[in-house]
Amino acid sequence: MNKEMIIVLDFGGQYNQLIARRVRECNVYAEVWPYTKSLDEIKAANPKGIIFTGGPNSVYDEASPHYEKAIFNLGIPILGICYGSQLVAWTLGGEVKTAPVSEYGRTQVMLEGVKSTLLRHVSKKTSVWMSHTDYIAKAPEGFVVTSHTKDCPVASMENKERKIYATQFHPEVMHTEEGQTMLRNFVLDICECKGDWRMDSFVQNKIAEIREKVGDGKVLLALSGGVDSSVAAVMLSKAVGKQLTCVFVDQGLLRKDEGDEVEAIFGPQGAYDLNFIRVNAAERFYEKLKGVEEPERKRKIIGEEFIRVFEEEAKKIGAVDFLAQGTIYPDVIESGLGKSAVIKSHHNVGGLPDYVDFKEIIEPLRMLFKDEVRRAGLELGLPEKLVFRQPFPGPGLGVRIVGEVTAEKVKIVQEADAIFREEVANATGIRQPNQYFAALSNMRSVGVMGDFRTYDYAVVLRAVNTSDFMTADCTDIPFAVLQKTMNRIINEVKGVNRVMYDLTSKPPGTIELE
């Protein structure tokens, strides 16, 4: 991996990983670090630049997250965003107050006409995304204000000599029309990054790293058949060959016929030279989930039971030194980074039990975003059909069933989901969603079928379009397609008498429904 790096210093912002993702779009490597990292750790990493994220706090509150002033004396370019911009101003002697008028959503920003590297090639009047109740009332000494809005006198500012920049708005979100131009200016021009971080070098270096780490040890991989674990499996096989055993746990929470499809791809008759073991453990998982309704608890149970199954399989095949997982970067960040809010725990991150019967865990994709995982898959020679398959959550249908999970409910979701995916895939002239599925609500209501009263479940259909799976908008599926899907589900799936369509974007919702 090229060692050039931008550190995204997280102060609790909801867009922390999106900032890192946008930096990587400039072909520059970025990592999200909690603000609790010491100055010595930052200096040791030798970053080319540092970005302060947003956050929900008021910088003038002593209990809010701050950072030592010495970070501004390192000579490393710094960009503060939203709360990060206020932190820059407050730390360096500016004035931050509660704004007379809060700004939320799309806002027009006007450039001051100052020659600014950060705002180079940006229109004199452009649309940005604001989300703040505090504002910079007075810029610190030595800073020049470079833009404003009608309600925000310091929409951006900079001290060019010290290479310190700040924007009250969020350049990382797609609603800021020229935000990527600004980030490219910061990363490539101000930080002077080469922009030569490439997936082919990542794959080659990661394979060599795995080979050195494992030595002559044995590796056990949790293979779900999804994109992440599949890419991890092929990468590991190229690194250690037959030292790798892939265990596929059919926990009874997969999509319709998916267990057989996974075995067809990776099993003895498949295209890959892997040690493949299939474990049918549906009843075991259903028993563990009996009576459990809380989503986080279900995730923890599913994650822990996965580990228990792997431990048992490891004992059957002999000594196993490493447990490998297809964890990716959004899993890590959404499960909680430093003092950031936990959005949801992932079964292969937050769900790990205290005791794991392996020497070490290997997560070769841990620092990659979803689209980067797909690119890695193509570099490894995986077929496009597998690389671009629909994402599927690690806990499976356990997080697409609201409330208690039972075999009956799983069957309903499997059948309804298969119908929905079939109808959307067959529809012509529509934009194919990046992810779409059927989920089961815990609502039961009265209905009429024929001359009989029913009291059955409501299925919820969800389809979203997204570029990064960190923000998403509902897909505008034609009513005729939804109506046909509804008719088929009502008529073909026993136990359902209503079908609904979820219009919620992310945020405020998540892509999954649980």
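**Ground rules.** I number residues from 1 along each chain as its sequence is written. In this predicted model, local features need pLDDT of at least 70, side-chain atom pairs count only at pLDDT 80 or more, totals for chains, interfaces and linings use all residues, and side-chain values use heavy atoms, with hydrogens and water left out.

**Helix 4.** I looked up residues 179-190 and found 12 residues in helix 4. Helices here are DSSP runs (H or I, at least four residues), strands likewise (E, at least two), numbered from the N terminus. Helix 4 reaches 15 Å from first C-alpha to last, close to the 16 Å expected at 1.5 Å a residue. The expected span is 1.5 Å times one less than the number of residues.

I then checked burial (buried is under 20% relative accessible area, exposed over 50%, partly exposed in between, with a 1.4 Å probe and protein chains only). The buried residues include Met 182, Leu 183, Phe 186 and Val 187. The buried residues of helix 4 pack against strand 1, helix 1, strand 3, strand 4 and strand 9. Contact means heavy atoms within 4.5 Å. Glu 192 follows helix 4 with a positive phi, near 60°.

**Helix 5 against helix 11.** I noted that two packed helices are described by the angle between their axes and the distance between the axes. The axes of helix 5 and helix 11 come within 9 Å and cross at roughly 75°. Helix 5 is therefore roughly perpendicular to helix 11. Axes are lines fitted to C-alpha atoms, for helices over the stretch in contact, with angles from 0 to 180 degrees between N-to-C directions. Under 35 degrees is roughly parallel, over 145 roughly antiparallel, 65 to 115 roughly perpendicular, and the rest oblique.

Met 199, Asp 200 and Val 203 of helix 5 meet Glu 372, Arg 375, Ala 376 and Glu 379 of helix 11. Buried residues of helix 11 also pack against helix 1, helix 6 and helix 12. Just after helix 11, Gly 381 has a positive phi of about 90°.

**Two loop residues.** Asp 216 sits in the loop between helix 5 and strand 10. Asp 216 is exposed, at 75% relative accessible area. Arg 255 lies in the loop between strand 11 and helix 7. Arg 255 counts as buried because its relative accessibility is 6%. Leaving aside neighbours within four places in sequence, Arg 255 is in contact with residues including Phe 392, Asp 417 and Arg 421.
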